[in-house]
Amino acid sequence: MDLITPGLGLVFWSLITFFILLVVLRKFAWKPILGAVDERENGIKNALEAADKARKEMENLKADNERILNEARAEREAMLKDARDIKNKMVNDAKEEAQEQATKMIAQAQEAIENEKRSAMAELKNHVASLSIEIAEKVVREELSNKGRQLELVEAMLGDAKLN
Amino acid sequence: MTLNTLRAVLFLVFSVAITNSGFASQDNEDQDEGFNATEMIMHHVKDAHEFHIVDWNNEPITIALPIILYTDNGLVTFMSSEFHHDDSGSQIVEKNGERFVKYHEKIYQLGSGVDALAFDEEEHPTNATLPLDFSITKNVFMMWVSVLVLFLIFISAAGKYKKSNNFIPRGIASFVEPLVIFIRDEVAIPMIGEKKYRKFMPFLLSVFFFIWINNIFGLIPILNGANVSGNIAFTLTLALFTFFITMFSGNKNYWKHIFWMPGVPVPMKLFLAPIELIGMFVKPFSLTIRLFANITAGHIIILSLMSLIFTFQSIAIAPVSVGFSLFILIIEIVVVAIQAYIFTVLSALYIGMATAEEDNH
């Protein structure tokens, strides 16, 4: 019968002991342990969320980068095209101008050459004329210094005139 | 392989130690009558005023514990050693002009002019009174040892978290934490619910570990001289805690379900009210009996198996006894954890029922 009759003393001490155990462990063990566990679980949750967010941001960033890269590529394309056009135009312009210039220069040169030629011809003519006159003078002087010769000449001339 | 052998040998030694510590005390009283298994077992599972460790050369080696009595003239205290291991009521201790004897682990106060106990037919003393006994018995002593061990384990575990800067459990904390999380995730949250479980966590954790460690100490030889969690006073106290926590945290919905069950016709309401009312008290009662009976039964089985050797007075029976009690011991290791768990789960369940919201059917 003793076995199943709760003793007052043990009930009393169990009550006090368990109450103290509860109060002390609650303050010095369960609170810190559960707090730490909660804290860590929250930390892990937050870290996972942050990682997820970061991943999404990375994706956005990557998409942005892709877009920016594409834009830049297109722009570069356009710029290159423009540059090429400008270059072609410039080259063409330069070519045309050079052609024009060359043509002009050639025309001028030809003109100058013509002028030179003409003046040279005129000079040559004058020169030839004065030279002929000089030669004629000299010949005439030579011829006329000798009587015989003079006669000969006259005769020759006359001869020619006869033929005519 | 060697480890297993070692374990087996250790258990064998321990098992023998159980019997020794159990027998030792009955030697004094029953030396002439031979071996009495019932007496030995009852002596083991019941409380005592001194902590008996072992008999050496027919002299019991014990830890003397303080005896605290509340008599008509106030408190009387003395050490249990003053009885000189006597349990038959012949050693009289005089304190404050009052005289006490110890008979079958009960302390009687002798009336004036009486020198020896007189008994009726059922061996109950007739000429002595029982003062209120608040002694630090071996169960109280063992309970305090277990409390110290719990403080040591859990406060140092809590300290580990303070030292680590990111709440990572180290050392003892990594052993404690899974158990704490188990109670939280498998007991408190499913039974009480996500919203309210926090308030009851300290109670559930304390009760779980308190029962468990006392159950375990009950299995360790020498320490198992004390059968704390197999004592009905201890289990009753813990059940009372559950009962009062349930009472005080019970909401309107809970009381309505007890006294005026919603959703049934009026005659049924009248019929159910007394049943529910009784159920309110049956719950802690079942907690008390379940833990007490399971733990005591385990002790009794192991001791009974060991007693076979002495009942048959043959060493040939020893291997059978040891083998079987080893088997039971291993089962008991599981049982002590399960019983602590069941007590906690049911406490949580009762609290959960008391705090459930209306729509929580």
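What follows is a short chat about how some labels in this predicted model were reached.

Reader: Which residues in α3(B) meet α5(B)?

Author: On the α3(B) side they are Met142(B), Met143(B), Ser146(B), Val149(B) and Leu150(B). Their counterparts in α5(B) are Phe209(B), Phe210(B), Ile213(B), Asn214(B) and Phe217(B). Sorted by class, this contact of α3(B) with α5(B) has eight nonpolar residues, two polar ones and no charged ones.

Reader: On to strands. How do you know that β6 and β7 of chain B pair?

Author: Pairing takes at least two bridges. Strand β6 (residues 98-103) of chain B and strand β7 (residues 106-110) of chain B are joined by four, and they run antiparallel. Therefore they count as a pair. One of the bridge partners is Gln109(B) in β7(B), which goes with Phe100(B).

Reader: What makes β5 and β8 of chain B edge strands?

Author: The open sheet has four strands in the order β5-β6-β7-β8 (chain B), with antiparallel pairing. β5 (93-95) and β8 (128-129) each have a single partner strand, so one side of each is left without a neighbour in the sheet.

Reader: And what makes β1 and β2 of chain B a pair?

Author: Here the test of at least two bridges is set against six bridges between strand β1 (residues 50-56) and strand β2 (residues 59-64) of chain B, in the antiparallel sense. So β1(B) and β2(B) pair. Trp56(B) has Glu59(B) in β2(B) as its bridge partner. The hairpin has two residues between the strands, and Asn57(B) takes a positive phi near 50° there.

Reader: What are the domains of chain B, and how far apart do their C-alpha centres lie?

Author: The domain assignment gives domain 1 (66-135) and domain 2 (139-355). Their C-alpha centres lie 34 Å apart.

Reader: Last one: how many residues of chain A are in contact with chain B?

Author: 30 residues of chain A are in contact with 41 residues of chain B. The chain A side divides into 22 nonpolar, four polar and four charged residues.

Conventions. Residues numbered from 1 in each chain as written. Chains lettered and ligands numbered in written order. Predicted model: local features only at pLDDT ≥ 70, side-chain atom pairs only at ≥ 80, totals over all residues. Contact = placed C-beta atoms within 7 Å. Nonpolar A, V, L, I, M, F, W, Y, C, P; charged D, E, K, R; others polar. Domains from an automatic or database assignment.
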